[in-house]
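Subject: Structure for your files

Hello,

Here is the structure I said I would pass on. My notes on it follow below.

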Amino acid sequence: MRNDLIIAALLVVPALFAPMVASPYHLTFLLNLWMMIALAQSWNLISGMTGYVSFGHAAFFGIGSYAGAIAILAGWPWYLAVVAGAVLAWIVALPLGVLTLRLRGPYFAIAMLGLNELGRIIATLWVDMTEGGDGIALHPDLLPSLTANYTLMLILAIISCGMVAWIYNGRMGLELRAIREGEDVSEMLGVDTVRNKVIAFVLSAIVPGAAGVGYAMFTSYIDPASVFAPVLNIQMIVVVLLGGSGTIWGPVLGAFIVTGLQEVFWAQFPMVHMMLMGTLLIVVILYLPNGILSIIHKRKRIRPDQITPTSEPAKSAGMQEVER
Amino acid sequence: MSGNNSKLLKIRALDVSYGSVQVLFGIDLDVTPGEIVSIIGPNGAGKSTVIKAVIGIAPAQRGSIHFKGREITRQPAHEIPALGIGYVPQGRIVFAEMTVTENLEMGAFLLKDGKRVRDAVDRVFSEFPRLHERRKQNAGRLSGGEQQMLAIGRALMLDPELVILDEPSLGLSPKYVDIIFEKLMGLKEQGRTLLMVEQNAARALSVSDHAYALELGKNRFSDTGQALLNNTDVRKMYLGGA
């Protein structure tokens with residue numbers, strides 16, 4: 001816990017000062033990195049921690065970005081638009097979670113896949129509101145500066161990491177992990193599984209909703225395909241699995257690696273980065289199913305003091321001479 | 001012994017169906033405090049379903065279940081542990097990717113007070129020293145017998161009055177079957193009440209104060225464990241003849 005805070009400080013403090021020294025190019029790269037952390041960490045909160053895989057978390061990103069863009073067009077200040085994006089994502093997530101997370105099995109995954117498609121279709125067809133496939137262009141005068149946008153994404157990344165760390169270290173973290181390991185047994189031990197899953201899910205929708213607004217403001221243009229983007233879903237999954245699913249730092253580490261690789265490849269070979277995503281996903285699943293962090297943790301686990309019993313000589317019932 | 005209030009658990013005329021398939025037909029069952037009670041019967045007799053109805057994961061259509069005089073029929077599963085019923089699932093399902101200690105903590109996660117949780121963990125460790133030796137290992141690394149001890153230890157974390165066990169000896173080595181049954185006797189000596197479903201009928205009857213033999217979802221025989229062991233019909237039908 002203490003180490004976590006130290007690492008967080010080492011990352012956040014330089015990040016706060018980056019706008020003073022970095023070029024717009026580098027700042028843009030970092031903005032994308034913070035956005036990726038915010039999204040991946042949100043996915044981690046529901047899917048990494050409970051094992052209920054969401055194939056459509058980009059839906060909240062899309063909902064948020066449209067809500068924010070429309071709010072800005074309506075004359076709202078940008079920071080209220082950000083709040084609107086987060087709140088609308090939350091409002092959509094709550095009933096969806098209550099309905100689908102009562103059920104075990106794949107229903108949730110399928111519902112999320114459907115939500116993303118539904119969002120894209122509504123955004124395309126509801127022309128009066130969303131300008132359909134033409135997309136919404138936002139005049140730069142309405143938008144915050146690059147520095148403000150950068151800071152927004154940084155804050156969202158911190159919020160998402162903070163939420164995961166807070167839950168992970170608390171009682172709810174134990175409950176969510178127990179659900180992932182065995183939902184029936186957890187329930188028999190007194191875990192209100194539905195309530196826990198729904199809370200985790202609703203929390204996981206908020207940051208992507210806000211990040212969608214940040215994205216819309218940063219690019220100043222959104223259309224249905226770019227925000228309800230299947231590739232965004234894949235990115236979140238790859239980032240989390242690569243770093244370490246269900247951990248605090250896994251998504252951060254994964255985002256650094258994926259965003260970094262993408263930047264390199266994107267510049268050189270525009271289409272290759274999609275292939276890279278796919279290849280990375282396969283490699284991770286085959287060779288590193290628990291992510292890069294698991295290598296570090298495995299090493300930790302072999303420390304001798306953790307294997308030999310240290311105290312309390314066992315006395316009762318001759319249990320220990322049996323077996324091995 | 002026959003008064004209502006002397007029963008810890010009382011099941012009356014219980015019907016359970018899964019979808020359109022009825023599994024239990026008017027089951028009656030009593031558990032008296034301080035006893036070991038077993039449910040035996042062939043596969044498909046509905047043994048496990050009886051206890052699943054008690055802990056709220058099988059839907060009771062008709063009939064009633066009372067625990068300590070209070071009706072718990074159709075009470076949601078996650079509300080059962082707080083009433084004083086511990087459950088050891090079939091196939092000793094433990095949280096494989098969690099450590100032994102974390103598994104035990106899960107058993108007491110209803111307690112808000114960290115000190116009481118630690119006390120409960122220590123209590124289980126003193127009961128199962130083997131678990132203490134392995135406390136930092138992931139439960140998935142334990143042997144089958146150790147996992148069963150862990151599952152029992154987890155069920156004891158809230159200090160339940162009634163411990164319900166689903167097939168506690170299933171799939172264990174003979175050595176561990178002995179150890180587990182010894183442990184169950186030990187729990188009884190501590191004053192706990194046990195209700196178990198067990199495919200090893202002879203073994204279960206030999207330690208049971210009372211037992212119920214089911215057949216196709218109905219009560220067939222019910223008597224003391226020893227009497228059922230000596231009953232020729234029971235021997236023929238449930239104990240493989242002779």
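**The sheet in chain B**

B:Leu162 stands opposite B:Thr193 in strand 8 of chain B. The model is predicted, and the pair belongs to the contact between strand 7 (residues 162–166) and strand 8 of chain B, which pair in the parallel sense over five bridges.

Both strands belong to an open sheet of six strands in chain B, with the order 6-7-8-3-9-10 and mixed pairing. Strand 6 (85–88) and strand 10 (218–223) of chain B are at the edges; each has a single partner strand, so one side of each lacks a neighbour in the sheet. On average, neighbouring strands of this sheet are turned by 15 degrees against each other, direction ignored.

Strand 3 (residues 36–40) of chain B has five of its five residues buried, so the rest of the structure largely encloses it. In a regular strand, side chains alternate between the two faces of the sheet. Here B:Ile36, B:Ser38 and B:Ile40 point one way, B:Val37 and B:Ile39 point the other way, and all are buried.

On one side, strand 3 of chain B runs parallel to strand 8 (residues 193–197) of chain B, joined by four bridges; B:Ile39 stands opposite B:Val197 there. Four bridges also join strand 3 to strand 9 (residues 210–215) of chain B, again parallel, and in strand 9 the bridge partner of B:Ser38 is B:Ala211.

**Helices around the sheet**

Helix 6 (residues 174–189) of chain B lies across strand 3, strand 7 and strand 8 of chain B, and runs at about 150 degrees to strand 8.

Helix 2 (residues 100–107) of chain B has six of its eight residues buried, so it is largely enclosed by the rest of the structure. The buried residues are B:Val100, B:Thr101, B:Asn103, B:Leu104, B:Met106 and B:Gly107. They pack against helix 8 of chain A, and also against helix 3 (114–127), helix 4 (129–133) and helix 5 of chain B.

**Helix packing in chain A**

Which helix of chain A does helix 2 (residues 24–50) of chain A cross at roughly 55 degrees? The partner is helix 8 (residues 171–181) of chain A, and the two axes come within 7 Å. The two helices are therefore oblique to each other. Helix 2 of chain A contributes A:Leu45, A:Gly48, A:Met49 and A:Thr50 to the contact, and helix 8 of chain A contributes A:Gly173, A:Leu176, A:Arg177, A:Ile179 and A:Arg180. By class, this contact has four nonpolar, three polar and two charged residues.

A:Ile167 lies in helix 7 (residues 146–169) of chain A. Its relative accessibility is 2%, so A:Ile167 counts as buried. Apart from neighbours within four places in sequence, A:Ile167 is in contact with A:Leu45, A:Met49, A:Met172, A:Gly173, A:Leu176 and A:Leu203. A:Ile167 and A:Val272 are 105 residues apart in sequence and 37 Å apart in space, C-alpha to C-alpha.

**Confidence**

Chain B has a mean pLDDT of 88, with 97% of its residues at 70 or more. For the complex, the predictor gives an ipTM of 0.71 and a pTM of 0.79.

Regards

Methods:
Residues are numbered from 1 along each chain as its sequence is written. Chains are lettered from A and ligands numbered from 1 in the order in which they are written. This is a predicted model: local features need pLDDT of at least 70, side-chain atom pairs count only at pLDDT 80 or more; totals for chains, interfaces and linings use all residues. Side-chain values use heavy atoms; hydrogens and water are left out. Buried means under 20% relative accessible area, exposed over 50%, partly exposed in between (1.4 Å probe, protein chains only). Two strands pair if DSSP finds at least two bridges between them. Axes are lines fitted to C-alpha atoms, for helices over the stretch in contact, and angles run from 0 to 180 degrees between N-to-C directions. Angles under 35 degrees count as roughly parallel, over 145 as roughly antiparallel, 65 to 115 as roughly perpendicular and the rest as oblique. Contact means heavy atoms within 4.5 Å. Ala, Val, Leu, Ile, Met, Phe, Trp, Tyr, Cys and Pro count as nonpolar, Asp, Glu, Lys and Arg as charged, and the others, Gly among them, as polar. pLDDT is the predictor's confidence in each residue, from 0 to 100.
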